[in-house]
Amino acid sequence: MVCLGNICRSPLAEGIFSAKAKEAGFDCRVDSAGTGNWHIGEPPHPLSRRVASMNNIDISHLRARQFSPVDFDNFDYIYFMDRENLKDAKKIAGNKWDPSKAALLLDVLEEHDTKDVPDPYFGGFEGYIEVFELISNACEKIIIELNMANNKATF
Ligand code: 4NP
């Protein structure tokens, strides 16, 4: 799960995906990173932590790190929160970029007109609630699809 700062959207996506995967019995390792380096080592934003905990998800132990080309060796799928994050990560990844592993998180929500998870950093708590819902819907659908591909029970 990749965003810009790795403190607002992608730690939420990591926590939400992990929680839903556990619930669905889908065995996987989830991580998150930012294309930027400003917040390395920081915990998630207080409003991301708040909206997560309101939904019984604890992300307070996560610490920001920067996206790295070796993430393409270490992960099967890499989901980007917005098109800018994808473009920046492509530059960072260089010849490690693998289009078969990379996708926009919201691509899975076909009915949705925007493909970008809005950046809530400069706004209020409502933005974090909206982001939580979007990420949650996308993660749920991805887990159902991956579980179906693996022939396992779903929610
Ligand atoms: P994120 O949000 O990419 O969802 O973690 C942001 C966090 C920090 C900044 C921008 C977006 N920043 O400019 O520091």
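Where does Asn56 sit, in terms of the helices on either side?

**View 1. Asn56 in its loop.** Asn56 belongs to the loop that runs between helix 2 and helix 3 (71-74); helices here are DSSP runs of H or I with at least four residues, strands are E runs of at least two, and both are numbered from the N terminus. This is a predicted model, so to speak: local features need pLDDT of at least 70, side-chain atom pairs count only at pLDDT 80 or more, and totals for chains, interfaces and linings use all residues. Residues are numbered from 1 along each chain as its sequence is written, and side-chain values use heavy atoms, with hydrogens and water left out. Asn56 isn't a glycine, yet its phi is positive, at about 60°. Most residues other than glycine have a negative phi. With 75% relative accessibility, Asn56 counts as exposed (exposed is over 50% relative accessible area, buried is under 20%, and partly exposed is in between, using a 1.4 Å probe and protein chains only).

**View 2. Asn6, another positive phi.** Asn6 has a phi near 60° and sits in the loop between strand 1 (2-3) and helix 1. Its relative accessibility is 2%, so Asn6 counts as buried.

**View 3. Ser48 in helix 2.** Ser48 is part of helix 2 (residues 46-54) and, at 0% relative accessibility, counts as buried. Setting aside neighbours within four places in sequence, Ser48 touches Ile7, Cys8, Leu12, Ile59 and Tyr128 (contact is heavy atoms within 4.5 Å).

**View 4. Lys101, a buried charge.** Lys101 lies in the loop between helix 4 (83-93) and strand 4 (102-104). Lys101 is buried but has no salt bridge, and Asp98, the nearest side chain of opposite charge, is 4.8 Å away. A salt bridge needs a Lys or Arg side-chain nitrogen within 4 Å of an Asp or Glu carboxyl oxygen; Lys and Arg count as positive, Asp and Glu as negative, and His and the chain ends aren't counted. Beyond neighbours within four places in sequence, the contacts of Lys101 include Phe72, Phe75 and Tyr77.
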